[in-house]
Amino acid sequence: MEHINWIHNIPFFSIFLAMLSGIVTALVKNGKTAFKIHIGMVLVVFIMSGLLLVSVSTNNEVFTFMMGHFPAPWGNELRAGPLEALMATTFSIVMLLTVSGGAQFVFKDVVEEKQPLYFIMLNALFGAMLALVYTNDMFTAYVFIEINTIASCALIMAKGTPQSMVGTTHYLVISLLGSGLFLLGVCILYSITGHLLFPQMQESILEIIKTEAYRMPLLVVTGFMFIGIAIKSALFPFHSMLPGAYQAAIPTSSGILSGLVLKSYIILGIKLIYCVFSAQVMHTLKITEVLFAFGLAGMVMGSVYAMRERKMKRMLAYSSVAQIGYIYMGIGMASPVGMTAACFHILAHAVTKTLLFICCGSFVEDSDGKDKIYHMRGVALRNPLAGIGYTIGALSMIGIPLLAGFISKIYFATASVYSSGKMVAVLIVLGVSMVLNALYFLPSVIAIWTPVKEEEKKPAVTNSPAFATSIVGFIILNLILGICYRPITHIIQMSIELLAQ
């Protein structure tokens with residue numbers, strides 16, 4: 001009898017457990033019970049993902065899991081290697097800290113009878129993100145893209161205010177445009193290749209490139225699919241749904257959407273580059289050049305829009321547009337070093353932007369619901385822990401040494417040396433973007449630490465243990481990525497090599 005490695009079942013069971021938790025939560029009428037089920041599930045997935053990461057990294061291993069044991073071309077497959085395991089582990093710990101630290105916003109802003117529904121959608125969203133990380137076939141990818149979209153919209157509209165309904169509608173319309181383009185690309189690609197599994201698709205695409213047959217349809221297909229992913233991940237200029245959605249959503253939802261959801265689409269895009277189209281085909285079709293150009297534009301324009309904002313959550317939303325530009329710039333460099341920088345920035349932004357949104361939510365609450373930066377003067381003096389968390393997050397985004405954002409920028413600058421003809425553009429835009437980041441983050445940091453007049457003073461804030469643990473956890477993660485980054489970048493480099501094989 002063939003020996004079955006139980007580690008190989010972790011990707012499937014992680015997704016299955018998330019979806020099962022959603023079904024179980026549907027039977028629960030109490031929000032706090034639903035919260036405990038979600039936290040328990042995410043904790044179990046985090047432990048399993050950590051074990052998987054240790055196993056595949058130690059053995060330099062990549063494996064596929066055939067769901068239902070149906071062979072190609074009909075089967076659904078999951079693929080797991082160091083990259084997938086690293087992203088699943090990061091997603092799990094960020095989700096755990098965000099939901100535990102942001103639970104106070106859920107129980108305060110979401111109607112009591114709808115709180116279990118919120119956690120149902122949270123479980124579905126988490127399972128969908130894991131599926132996009134692990135998938136090895138187009139059918140699974142598209143199905144979970146749609147689940148991701150629906151669950152994301154539910155999280156945005158959880159407040160039930162008119163503003164959240166408008167933000168949700170805008171988000172849904174733009175997201176469906178991206179989904180439609182991606183689906184159209186998948187349909188045409190299936191008609192050309194006759195396959196849905198990534199490896200078989202890649203074989204057919206490489207044959208098309210060799211024979212010059214269907215070259216123009218292939219270019220159209222690739223364009224549709226990557227424009228769809230760019231829209232879903234809010235790459236400039238497809239970012240218009242973010243500010244309204246993040247402003248209207250509760251801080252917990254905003255942190256998850258910015259830190260994790262956008263990245264799940266980008267990770268799928270990275271897998272498509274290596275596992276379906278191949279880096280060589282992407283370069284031949286000039287797709288990486290387009291992504292590079294839009295990435296550079298996003299880095300600058302996202303920061304310019306953020307500078308003009310007076311509301312902190314909208315400022316953070318535009319900041320996310322700039323940070324997504326960083327990631328696409330790294331992908332567009334079309335080199336292993338550039339891809340390493342992009343993947344590391346996915347991690348850095350995930351642990352930093354969620355921290356900023358959670359702290360921002362606390363500031364708004366402590367400022368009697370006022371969300372303009374001016375009205376948050378002195379709030380960090382009343383809540384020093386949230387103030388320290390926000391300050392560290394802001395400094396990380398600017399690129400201050402010892403923090404995660406600094407390492408990202410060092411790797412982007414290093415990658416530019418290995419990208420023919422792109423070094424000057426990268427270094428100039430990188431420098432400009434860092435200055436712009438400082439110009440909109442530092443005023444907000446100064447504002448929250450600025451003392452107010454005696455008559456405007458308010459009592460000190462007492463944080464819940466869960467909130468305090470979350471903030472401290474995010475700060476520690478930021479410092480780990482900023483100081484002990486070499487093992488992580490080694491895993492990413494190993495992953496890129498395995499993907500390119």
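A residue is called buried when its relative accessible area is under 20%, exposed when over 50%, and partly exposed in between, with a 1.4 Å probe and protein chains only. The model is predicted: local features need pLDDT of at least 70 and side-chain atom pairs count only at pLDDT 80 or more, while totals for chains, interfaces and linings use all residues. Residues are numbered from 1 along each chain as its sequence is written, and side-chain values use heavy atoms, with hydrogens and water left out.

The salt bridges come first. Side chains of opposite charge can pair when their charged atoms come close. Here a salt bridge requires a side-chain nitrogen of Lys or Arg within 4 Å of a carboxyl oxygen of Asp or Glu. The whole structure contains five of them. In one, Glu309 pairs with Arg314, with the closest N and O atoms 3.2 Å apart. Glu309 counts as buried because its relative accessibility is 17%, whereas Arg314, at 22%, is partly exposed. Another joins Lys108 and Asp109, whose closest N and O atoms are 3.5 Å apart; Lys108 is exposed, with a relative accessible area of 54%.

The salt bridge between Lys271 and Glu84 has an N to O distance of 3.2 Å. This pair links distant parts of the chain, 187 residues apart: Lys271 is in helix H10 (residues 251–277) and Glu84 in helix H3 (residues 82–109). Helices (H or I, at least four residues) are DSSP runs, numbered from the N terminus. Both partners are buried, Lys271 with a relative accessible area of 0% and Glu84 with 2%. Together with Arg79, Glu84 and Lys271 form a network of salt bridges.

Helix H3 also takes part in the largest pocket, where H3 gives the most to the lining, with four residues. A pocket is an open set of points on a 1 Å grid over the protein atoms alone, where a 1.4 Å probe fits and protein lies on both sides within 12 Å along at least five of seven lines; lining residues have an atom within 4 Å of a point. The volume is the space filled by probe spheres set on the points, which are joined across faces, edges and corners. The largest pocket holds about 320 Å³ of space. It is lined by 13 residues, and the closest to its centre are Leu86, Thr89, Thr90, Leu477 and Ile488. Among the helices that each supply at least two lining residues are H14 and helix H19 (465–483).

Helix H14 (residues 336–366) is also the place of Ala342, a residue that is buried at 0% relative accessibility. Apart from neighbours within four places in sequence, Ala342 is in contact (heavy atoms within 4.5 Å) with Ile327, Gly330, Ile331 and Phe412. Tyr305, in helix H12 (residues 287–308), is partly exposed at 24%. With the neighbours within four places in sequence left aside, Tyr305 is in contact with Phe236, His239 and Tyr318.

Val432 lies in H18 and is partly exposed, with a relative accessible area of 37%.
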